[in-house]
Every structure is written in structure tokens, then in C-alpha cells.
Amino acid sequence: MKKLLVPQSHTVGIMTGHGESSVDKMVAFRKELSKHYKVKTVNLSGGNKSVAEDISILLIVAPKNRFSEKDKYQLNNFVMRGGKLALFMNAVSVDSVTHRASALDLNLNDIIENWGCALSNDLLLDATCVTI
């Protein structure tokens, strides 16, 4: 009955191809999402691929590799056609062995700024956190 009352089911895309956490590591998250949404993997690498028309929400979770200009163009097209984009990303990479941090250049700062947001390279220190 509930499915009859819901006007449309959204499709959530999970980005891959830029060093994001593997889908295998997000099994529980994907399972929970699948209870309410259709879930698809999106990979823009190689050629002129675009985000599929049926995807209304795109998640980019912890990418580690640079996005190409073509990738950024496709992301911008997705947002401009009304797609919702959620970015869960770091601007800094921290080595848990050496405890050294370095800037992570994902080549997304310009497009994020065009959308009215900013990504900073700041670190937070939690004085009550136990050392990793």
C-alpha cells in the first residue's frame, strides 16, 4: 500500500572511479538505501559517459583521485538539470602511520565554488580523541 502512495521512486547513484571507498565496504549503507531507493553505481571514467537520466541523487563518497575536466562537465550537467549532488569528501589526506597530512587535489574546487560552496584544507584536532 505504501508503494502505491509514493508518487515516484528516486534512484540514487554512488560514484566510483576516483578512488572512492569500494562498494563492498559500503554494503550496510547500500542495503539501507535500497530499502527506500533504487541504487546504481555511476562511473564517468572513459569516454563521454554522463550521469544516467534516471538518477536523481548522486553521492560522491571519499574520492582520492583527481576528477578530469570531462568528469566535472558531466557533474555540472547533472546539477544543472536538477540533479541533487551530495559530496562527502576530504581536502586533506592524512597518513595514519606517520600522522602527516597533505593537501588532496581533487580538481573540484572551481566547480564547487561556482555552486556557491567552498572546500578548505583545514584540519581539526580533537583533544579528547585517542591516537589511532
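Tutor: Strand E5 (residues 92-95) and E6 pair in the antiparallel sense over 4 bridges. Strands (E, at least two residues) and helices (H or I, at least four) are DSSP runs, numbered from the N terminus. Two strands pair if DSSP finds at least two bridges between them.

Student: What kind of model is it, and how are residues numbered?

Tutor: It is a predicted model: local features need pLDDT of at least 70, side-chain atom pairs count only at pLDDT 80 or more, and totals for chains, interfaces and linings use all residues. Residues are numbered from 1 along each chain as its sequence is written, and side-chain values use heavy atoms, with hydrogens and water left out.

Student: Back to the strands. Which residue stands opposite Val92?

Tutor: Ala103 in E6.

Student: How many residues sit between E5 and E6 in the hairpin?

Tutor: There are 4, and His99 in the turn has a positive phi of about 60 degrees. Most residues other than glycine have a negative phi.

Student: Which other residues have a positive phi?

Tutor: Among them is Ala62, at about 50 degrees, in the loop between E3 and H3. Asn107 is near 60 degrees and is found in the loop between strand E6 (100-103) and H4.

Student: Is Asn107 buried or exposed?

Tutor: Buried, with a relative accessible area of 16%. Ala62 is partly exposed, at 21%. Buried means under 20% relative accessible area, exposed over 50%, partly exposed in between (1.4 Å probe, protein chains only).

Student: New topic: H3. Which of its residues are buried?

Tutor: Asp71, Lys72, Gln74, Leu75 and Phe78. They cover an arc of only 160 degrees around the axis, which puts them on the same side of H3. The arc is that of the directions from the helix axis to the C-beta atoms.

Student: What's on the face turned away from that buried side?

Tutor: The exposed residues Glu69, Lys70, Tyr73 and Met80.

Student: And what covers the buried residues of H3?

Tutor: The cover includes strand E1 (11-16), strand E3 (55-61), strand E4 (84-88) and helix H4 (109-114). Contact means heavy atoms within 4.5 Å.

Student: Take Gln74. What does it touch?

Tutor: Leu44, Asn48, Lys49, Ser50 and Val51, not counting residues up to four places away in sequence. Gln74 is buried, with a relative accessible area of 14%.
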